[in-house]
Amino acid sequence: MVSLIFAIPITMSMVLGALTPLILGGTGSSIQQLIANSFSGSDTTPILAVPLFILGGVLMAEGGISRRLFNFFAYFVGNLPGGLPCAVILTCLFYGAISGSGPATTAAVGSMTIPFLVEMGYNKTWSAGMIATAGGLGVIIPPSIPFVLYSLATGVSTGALFLGGILPGILIGLAMMVYAVIYCIRNGEDKEKINIKMSELRAKGFLSLLKESFWALMSPIIVLGGIYSGIVTPTEAAVISVFYSLFVSLVIYKSFTVKSIVPFLGKAVKTYAPLCFVLAFAIAFGRVLALAKAPALIENFILSNFTSSFTVLTGIVVVFLVLGMVMDTGPAIVILSPILLPAVQAMGVHPVHFGVIMVCCLSIGLATPPFGLDLFVAGTLADTAPMNVAKTAIPFILAFAIALFLITYIPWFSLVFL
């Protein structure tokens, strides 16, 4: 924590934390142990799912999937009050089932929908704030990279976590859509422009639109269906997502050529490389914490000072919401989940429910200043300052928070499909 306060990169902060027992003359990790733990922790088959889902998301984004999904949802709700913003949120919701990443969802959906919403008469900054917040659905709706990281850190089934994220993601999306409709009713919409655009879209016919979007709609069904049926593991499903994305983009939509694949591979590596270092050293740091009996100390503290799971979860939600503002989702999950999970389990909280709460809390951080990554992505797309985007995102964040507290205190939302 001291290292982070002094703006030392989080990877180096964890290295220093892991070496602290040695520096202070204790019997903790040596340099050799730190390196060995880092490589052994990151040299596992399940961790391969993370870069593969990232690559699949990049390929789908470059393949123009978001536009086809948006047109499909706009066909049904575009003429309703607040229909187009709702179609954007639905697109983020569904695109999250393809990319597994919040910033990727924000970038892929926002790059297409922000100019379109502005053309339809909606405020540009408001549109960016909506997409910055809705982009957080990308890390809740399965397949979700943070759920994979939580599974790696705690040993909880990845498939169970994916099932646990379905209903919470839908609930959060509905909460944001309710606010979008209220905003549009109160502030008005340019119905003339919207009706003209919807007439053009409907003129294509439903079957033509379904034919366009069918392959995009099938992606999460194939990937998640394979996992839940037990045919493939999450890592194997990630491999399928990559090859399916290549097939759809190269053969069906013909949105890019074979020559374009190498730059896409580079883009995926640039996204994963920093996270890879963080994961490797976070696992080593976690082992040092285990040797120091940190999980047991935290568990004893919580059991001694809290009397119910309600109060424990309230405190943890507040802490995660604050952490999400200053800390990236991946490191926060890998560092904190092994420490806190034994304590909340002792209070009767299901590990899948806790994982869903943790990911939902941290996903709000993607749209909150000062370091909300989705804010910077949406701000760049809208050509406006991230802090201006943050102001318009506040009502959407509040809608998100209402759904979050329902998810926190009603475990049924996370456990119904288990």
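Axes here are lines fitted to C-alpha atoms, for helices over the stretch in contact, and the angle between two axes runs from 0 to 180 degrees between N-to-C directions. The views below come from a predicted model.

**View 1. Packing of helix α5 on helix α12.** Helix α5 spans residues 65-77 and helix α12 spans residues 206-228; their axes lie 9 Å apart at an angle of about 135°. That angle makes α5 oblique to α12. The crossing of α5 past α12 is left-handed. On the α5 side the contact is made by Ile 65, Arg 68, Leu 69, Asn 71, Phe 72, Tyr 75 and Phe 76. The α12 side supplies Phe 206, Leu 209, Leu 210, Glu 212, Ser 213, Ala 216 and Leu 217. By class, the residues of this contact of α5 with α12 are 10 nonpolar, 2 polar and 2 charged.

View 2. Ser 219 is a residue of helix α12. Its relative accessible area is 4%, and buried means under 20%, so Ser 219 counts as buried. Leaving out residues up to four places away in sequence, Ser 219 touches Met 60, Ile 98 and Tyr 244.

**View 3. Phe 354 in the largest nonpolar core.** The largest nonpolar core holds 140 residues. Those that touch the most other members are Ile 65, Leu 84, Ile 172, Met 176, Phe 320 and Phe 354. Ile 65 also belongs to the α5 side of the contact with α12. Apart from neighbours within four places in sequence, Phe 354 is in contact with Tyr 150, Ile 316, Phe 320, Leu 340, Leu 341, Val 344 and Val 349.

**View 4. Packing of helix α8 on helix α10.** The axes of α8 and helix α10 (residues 158-187) are 12 Å apart and meet at an angle of about 170°. With that angle, α8 is roughly antiparallel to α10. Trp 126, Thr 133 and Ala 134 of α8 make the contact with Met 176, Tyr 179, Ala 180, Tyr 183 and Cys 184 of α10. The contact of α8 with α10 has 7 nonpolar residues, 1 polar residue and no charged residues. Met 176 is also one of the core residues that touch the most other members.

**View 5. The cis peptide bond between Pro 142 and Pro 143.** Most peptide bonds are trans. The bond that joins Pro 142 and Pro 143 is cis, with omega about 0°. Pro 143 sits in the loop between α8 and α9 (145-154).

View 6. In helix α19 (residues 373-382), the buried residues are Asp 374, Leu 375, Val 377, Ala 378, Gly 379 and Ala 382. These buried residues pack against α7 (102-119), α8 (124-134) and α20 (386-409). Although Asp 383 is not a glycine, its phi is positive, at about 55°. The relative accessibility of Asp 383 is 68%, and Asp 383 therefore counts as exposed.

**View 7. Lys 254 in the loop between α13 and α14.** Lys 254 lies in the loop between α13 (234-252) and α14 (261-291). Most residues other than glycine have a negative phi. Phi of Lys 254, by contrast, is positive and near 50°. Lys 254 is exposed, with a relative accessible area of 65%.

Definitions and conventions: Residues numbered from 1 in each chain as written. Predicted model: local features only at pLDDT ≥ 70, side-chain atom pairs only at ≥ 80, totals over all residues. Heavy atoms only, no water. Helix = DSSP H or I, 4+ residues; strand = E, 2+ residues; numbered from the N terminus. Parallel < 35°, antiparallel > 145°, perpendicular 65-115°, else oblique. Left-handed = near helix turned anticlockwise from the far one by under 90°. Contact = heavy atoms within 4.5 Å. Nonpolar A, V, L, I, M, F, W, Y, C, P; charged D, E, K, R; others polar. Core = buried A, V, L, I, M, F, W, Y, C linked by side-chain atoms within 4.5 Å. Buried < 20%, exposed > 50% of the residue type's maximum accessible area, 1.4 Å probe, protein only.
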